[in-house]
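User: I have a model open and would like to talk it through. Can you start with how you decide what is buried?

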Amino acid sequence: MSWLRMERRAQLVPQARMAGPVPWVIAIMVALTTIAAAGGLALGNLAQAARAELSGGLTVQIVEADPAERERQAELAVSLLANVAGVEKAQRVADSELRALVEPWLGEDMGAAGDMVPVPALIDVRLSGPVTQAKLRNIRSLLKAQAPAAQVDAQSSWLAPVFSAISSLKWLAAGLVILLGATSAAAVWLAARSALGTNRATIEIVHLLGGSDGQIARIFQRSVGIDALLGGVAGALLGAGAVLLLGQQFAALGSGMVAGGGLGWADWLAIAGIPFAGVLIAMFTARLTVLAALRKML
Amino acid sequence: MTMPEGDIVQFDNVGLRYGAGKEVLSDISFTLYPGSFYFLTGASGAGKTSLLKLLYLAQRPSRGAIRMFGTDVITLPRARLPAFRRRLGVVFQDFRLVQHLSAFDNVALPLRVSGVRESEITRPVAEMLEWVGLADRADARPATLSGGEQQRVAIARAVIARPDMLVADEPTGNVDPELALKLLRLFEALNRLGTTVVVATHDLHLLKNVPESLIMRLDKGRLSDPTGALRYPPRRPFSRIEEEEAL
């Protein structure tokens, strides 16, 4: 503690705050890490929300050209599905919704086009548990006899490639966070070595006056720690600002899937820990660098 | 002056070479007693500074054995060396002041390194600066001090922690005769309090001012024993300055 007091009164390693490379490097690294981590966490949330939404979902399409027959089979399929064990909900997608879905391709006036291009009837089915191949087979065989035009698909199977891509992006973000952490450590290592060289005469004097390696390392560790904290806070604010801005832009898209990729309080808590992790990495790196250099002296 | 029992430093057949060069110190053997006052004399290049570097633990010898305060310091782990260095006060020939610290903070450095409380630092440092005549220069940085003033700061820093042994390399080289004598009296006062003092100097006039001192003489890296002061136990308790001058 007395050594810390000494540092306050007489700064053994002269330093103008925010003048060396450490705070700026840490600020940039923390900002990038914050963005990468927020991206990774948002992608994880998005995948989790989409999986939860789709894991128990089935879509039954009645692909029948004759409107009356299509209507009949659809009504029958709904009533059959409603009595199947494990089905929580079986609901026809309203015609207005269907029209809205195909409107971008067929235009607003569906009167004539609707007659020429039959749009399948859709039934949204929600199971109490996840969709398995056995459940899928069971429902298909049930509908085959009564509604032969029915095509049954698990909703999650459509988005399997999307989930795979999201998972890859999530891992990419995690890799980026690790790489940025390692880059920060390398930058601090170089900065600490440079500071060590600049202050070599002072270090030798303190060493000969009986200063221990631990005492000298603490001076650098503390100095780098303060710089890293200043840089880390600035970087975190910058990164969080960028994340909030991007979040607002994605939210404005109004897409249900993107909306599932928001950040929760636990995510923000993890992001808030990034500058502190940066400070710890910087201090630890500085300490190891200085101790390694001091070990070469008697 | 009575010679205390035991020894504080013991060199046994010590040799020193830098890198692959020839030995700058050869076959150095001597014993320093607690509370004694030694002058280390010799021409420039005789090896005085190299011998002092061994004494203040800035250098390991190439061969031989060195014991300090009863411990073999050559085989001592690095982690234990700072504790030994804190028992030493050193006045470097080139002062080695920390340039960005004030005179006050330079003098306070050994106390702070040793973990002395801040409340117990201000007064002794101020008194020490006053004693060396630099009370009004306490806030000055070394670069703004004259050579003599820097030397006084270096001396104040060396003695502030009341070391067991004071090692001074040409400590009066940059000060006027009056101040040189005053600094010598400070060393004597410290010596009377029990500190072993080793002063390297080529100024023979200085030796006259401390009649009770023992003299070691270095010549081309070898230690001569002109006065019997280095024998164990010494042939005579004190050397004769006249004997040294006669040589």
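Analyst: A residue is called buried if 20 or more other C-beta atoms lie within 10 Å of its own, and exposed if 12 or fewer do. Please keep in mind that this is a predicted model.

User: Which are the buried residues of α3(A)?

Analyst: By that count, the buried residues of α3(A) are A:Gln73, A:Ala74, A:Ala77 and A:Leu81. They lie on the same side of α3(A), because they cover an arc of only 105° around the axis. On the other side of the helix, A:Ala68 and A:Ser79 are exposed.

User: And what do the buried residues of α3(A) pack against?

Analyst: They pack against the strands β1 (57–62), β2 (87–92), β3 (121–127) and β4 (150–154) of chain A, and also against α6 (133–146) of that chain.

User: Switching to the contact, how many residues does it take from each chain?

Analyst: The contact takes 16 residues from chain A and 23 from chain B. On the chain B side, α2 (81–85) and α3 (103–113) each supply at least two residues, and α3(B) gives the most, with five. The chain B residues that touch chain A divide into 11 nonpolar, eight charged and four polar.

User: What are the scores for the model, and where in chain B does pLDDT stay under 50?

Analyst: The model scores ipTM 0.84 and pTM 0.69, while chain B averages a pLDDT of 85, with 88% of the residues scoring at least 70. Over residues 235–241 of chain B, however, pLDDT stays under 50, and the model has 15 contacts beyond four places in sequence for that stretch. Where pLDDT is low, the predicted coordinates should not be read in detail.

Key
Residues numbered from 1 in each chain as written. Chains lettered and ligands numbered in written order. Predicted model: local features only at pLDDT ≥ 70, side-chain atom pairs only at ≥ 80, totals over all residues. Helix = DSSP H or I, 4+ residues; strand = E, 2+ residues; numbered from the N terminus. Arc of directions from axis to C-beta. Contact = placed C-beta atoms within 7 Å. Nonpolar A, V, L, I, M, F, W, Y, C, P; charged D, E, K, R; others polar. pLDDT = per-residue confidence, 0-100.
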